[in-house]
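Me: Could you take me through this structure step by step? I would like to start with one chain and then turn to the contacts between chains.

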Amino acid sequence: MFLLDHLWIILALPLAGAAINGLFGKRWPKSAVNSVAVGAVSLAFLAVAELVREFVRLRPDQIPYFKNYFPWMTAGPLHVDFALQVDQLSIVMLLTVSFVGMLIHIYSTGYMAHEGGYYRFFSYLNLFMFFMLTLVLAANVVVMFVGWEGVGLCSYLLIGFWFLKQSAINAGKKAFIVTRIGDFGFTVGILLLFWTFRSVDFGTIFAKAATWPAESMTQVGTLTIICLLLFTGAIGKSAQLPLYVWLPDAMEGPTPVSALIHAATMVTAGVYMVARMNPLFSRAPIAMLAVAIVGALTAFYSATIGLVQTDIKKVLAYSTVSQLGYMFLACGVGAYAAGVFHLMTHAFFKGLLFLAAGSVIHAMGGEQDMLKMGGLRKKIPVTYWTMFIATLAIAGIPGFAGFFSKDEILNAAGSGPHANVWLWGLGLVAAGLTSFYMFRLIFLTFFGQPRFDEHKVHVHESPRNMTVPLIILAILSTAGGWFAAPHLMRGTDCFESFLHPVFATYAPEHPVGQEESLSGAAASELEPGPGMELLHAVTGPPVIVGILGLLLAWWFYIKRPEVPKRLAQSLRGPYTLLLNKYYVDEIYLALIVRPLLWISTNVLWHVMDERVIDGTVNGAAMVAREAGGQVRELQSGNARSYATWVVFGAVGFTVLMLALWMVR
Amino acid sequence: MSLPFILFFAFAAIAVASALLLIVAREPIHSALSLVLVMISLAALYLLLGAEFIAAVQIIVYAGAIMVLFVFVIMLLNAGTEERTNWSSIAKYAGVPLAIFLLLELAHWMARAGPGVGIANGVGRDSNTAVSTRALSELLFEKYLFPFEATSILILIAVLGALVLAKRDE
Amino acid sequence: MSGVPIPYYLVLSAILFGMGAVAVVFKRNIITIFMAIELMLNAVNLAFVAFARAWNQLDGLVFVFFVIVVAAAEAAVGLAIVITIVQNRQTLNVERVNLLKL
């Protein structure tokens with residue numbers, strides 16, 4: 001059990017890559033930097049593969065496999081060790097993160113080939129992998145937080161990679177500060193967690209929480225507060241309402257960064273955290289409802305914004321926010337496995353979408369505005385076909401990965417134990433909108449006549465180190481969902497059953513049915529034959545809205561391209577509202593940023609810093625100087641003064657002596 | 001009221017009165033002469049205390065040599081009435097009260113202190129407690145030999161110093 | 001025959017000492033101040049002699065002897081300094097001799 005006992009290797013590899021590239025890479029040729037960076041993350045992936053091989057041979061009672069490396073902090077009752085653990089959830093996340101990460105590293109060698117600061121990019125990227133893997137492998141909430149903060153740092157560094165560009169710097173700052181707000185809630189949550197359970201280890205906490213009764217919908221207990229606080233961290237990190245504003249701006253970073261960090265991995269950390277904490281969430285129904293509501297609302301809201309955006313990356317950004325909403329919706333209705341499933345498939349198709357968009361941008365020589373594209377289908381076929389496949393996946397077209405995961409989520413929202421028709425409705429509408437705007441993206445970019453000057457822009461397909469990852473991800477976007485397929489044929493959902501122990505070990509006793517796999521809920525209905533279930537799934541509402549979206553987009557952008565413009569004219573108000581993202585950034589600026597700046601300048605700076613602190617320090621100096629000035633005048637040179645002082649001293653001394661003599 | 005008491009109070013009164021005169025006098029020469037008077041009365045008090053040798057030394061050295069030196073210097077420098085400047089503010093306001101306080105305080109405690117049994121007999125005590133010059137000189141040249149020799153060097157230095165300081169530049 | 005109790009001599013010594021202190025603070029002529037210091041020394045001498053009598057030890061008298069000797073030396077040097085001051089500053093007012101300052 002080599003790798004299981006030496007989990008740290010998985011972490012050390014990218015860290016070493018980051019260090020080597022960061023310290024020495026500046027003068028190395030690109031090939032050397034590549035070898036180190038791509039090699040590090042590839043070796044990490046191979047390590048993960050080997051880990052999986054060892055993991056499947058473990059007995060159930062050995063899971064989660066726990067490894068304590070060294071005691072990190074000890075302060076009174078607080079014991080935090082640097083400990084790592086592996087269970088089924090970790091395996092899923094590890095595989096996703098390391099594989100997609102490896103593909104994106106390879107892609108970046110092509111995309112960033114002409115950029116300055118090459119070594120720095122890969123150093124940061126490797127560092128990000130290190131932190132993300134730490135987050136996934138953590139066995140206690142503090143080590144997880146280390147990873148949490150670390151990925152935030154790398155996100156900031158990478159968004160602002162082109163640090164000479166003012167908008168990039170601002171975006172990086174915005175990302176960091178907005179997520180910080182969420183992280184504050186997360187930190188308070190950790191504190192409350194420790195205070196309640198006297199431990200930060202997942203195992204200990206979950207075991208203790210298992211003995212607690214579930215809290216009811218009317219009572220806000222400690223568990224609810226903890227879960228809500230932790231969830232605010234997830235709101236920030238995973239860009240949900242209201243802290244999503246940083247993600248669209250984060251598109252200032254290079255496209256591989258958007259793919260890796262802001263689609264596949266970092267933003268999913270919030271979902272992972274909620275899934276990991278499922279024993280706590282399952283016992284706090286109010287928190288679960290909050291998660292579900294936030295997820296559903298965000299999914300819908302963000303989809304509406306994506307309808308009218310013209311920057312290709314911004315559309316994908318809002319799409320990411322929306323899909324993350326789906327994942328939280330899943331967790332909020334208790335379908336944790338579905339949420340994680342969608343996380344994995346989303347990593348595939350969203351990562352692919354971003355990488356393909358990068359390929360398009362690369363082909364267009366840097367252009368990102370879809371209105372200036374068009375007709376690229378024949379010119380960059382690989383990019384087109386892979387992106388098309390990813391769009392089919394995200395729209396939930398049957399057969400592709402997104403269909404299975406989205407279907408499961410909406411099923412759980414519609415008819416699971418925590419079902420809620422409003423949430424289901426929001427999710428359904430959002431699915432339709434998603435399909436629409438994604439196909440709109442495809443049609444605007446690849447179909448129609450070129451809306452650019454073909455003499456100025458030489459459209460060319462990307463090199464192989466960029467297209468091969470695209471192809472691999474396309475395969476995964478198709479086949480990645482087939483784990484769940486047997487379920488539709490009355491078999492077992494392999495993914496679901498694999499993850500089952502993670503979500504069932506500490507599940508609370510529920511008076512209203514058990515929250516197990518969705519197959520249980522579906523089976524309690526009529527007893528259709530195997531084929532009927534498949535047909536039922538394939539013709540269900542999610543698929544219908546998906547196809548509707550496709551058709552509508554086709555109508556709008558291929559058949560009758562003048563319709564969008566006319567619609568925008570006639571619905572001027574809503575259109576402008578959507579185009580300006582509901583003016584949320586402006587609202588935040590006015591309500592929060594400006595007052596804070598005013599307070600900082602006028603109160604904290606002028607009053608506190610200048611008057612109080614400087615005043616005290618300068619005042620102390622002034623007091624010393626004045627006192628010195630006064631004392632200086634004692635030295636008058638006048639002998640009579642001196643004589644008087646001598647007499648004064650003599651008087652004092654004799655009084656003192658006599659007093660002492662008296663006391664004795 | 002026996003003789004020693006009368007003598008004591010008489011000479012004490014003279015001493016205090018002369019000291020007062022020293023403070024009050026306008027001319028320094030008057031102060032000098034009152035100081036001489038103080039010393040003479042103190043010499044008498046020493047006699048009352050049975051320290052004949054010391055009384056003699058007081059008259060000869062202190063009153064006879066040192067005060068004469070003072071008077072010579074006053075006359076040499078033609079020291080007249082001193083001008084009434086009062087530039088030191090602390091001396092003006094706090095000096096005299098402080099000094100008077102010191103006086104009273106010391107006097108108060110001295111009155112309480114001291115061995116009550118040590119009664120000075122003055123003239124006519126028994127010879128067992130004789131303060132003979134011989135005994136004094138034995139003490140001086142045996143126990144306090146080193147300070148004695150040191151003071152002789154001190155006097156030498158003083159003479160040299162005075163010479164150097166007061167020499168007129170030729 | 002009863003003698004004068006020692007505390008009487010000590011009180012007198014204290015009074016003379018205090019008056020000397022008053023004079024030091026009060027007077028302005030250097031020579032007068034010097035003389036007041038001599039008065040203080042004399043007062044202390046009286047106290048020594050009184051104590052010598054009180055404890056029947058001759059050490060007090062020896063000390064008085066030394067005080068007188070040192071006072072003599074001090075007077076000699078001090079008056080020489082006074083003469084120098086007068087030669088330089090043409091004044092005997094101690095407040096005018098105020099160069100002892102920064």
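Reply: Chain A has 29 helices and two strands, where helices (H or I, at least four residues) and strands (E, at least two) are DSSP runs, numbered from the N terminus. This is a predicted model, in which local features need pLDDT of at least 70, side-chain atom pairs count only at pLDDT 80 or more, and totals for chains, interfaces and linings use all residues. Residues are numbered from 1 along each chain as its sequence is written, and chains are lettered from A in the order in which they are written.

Me: What does the C-alpha trace of chain A span along its principal axes?

Reply: The span is about 115 × 65 × 55 Å.

Me: And how many of its residues count as buried?

Reply: Chain A has 664 residues, and 50% of them are buried (20 or more other C-beta atoms within 10 Å of the residue's own, with C-beta atoms placed from the backbone).

Me: Next topic: how many residues does the contact take from chain B and from chain C?

Reply: Chain B gives 79 residues and chain C gives 67 residues; two residues are in contact if their C-beta atoms, placed from the backbone, lie within 7 Å.

Me: Which element of chain B gives the most to that side?

Reply: That is α3(B), with twelve residues.

Me: How do the residues on that side of chain B divide?

Reply: On the side of chain B that touches chain C there are 61 nonpolar, 16 polar and two charged residues. Ala, Val, Leu, Ile, Met, Phe, Trp, Tyr, Cys and Pro count as nonpolar, Asp, Glu, Lys and Arg as charged, and the others, Gly among them, as polar.

Me: What about chain A with chain C?

Reply: That contact takes nine residues from chain A and eleven residues from chain C. The chain A side has three nonpolar, five polar and one charged residues.

Conventions. Buried ≥ 20, exposed ≤ 12 C-beta atoms within 10 Å, placed from the backbone.
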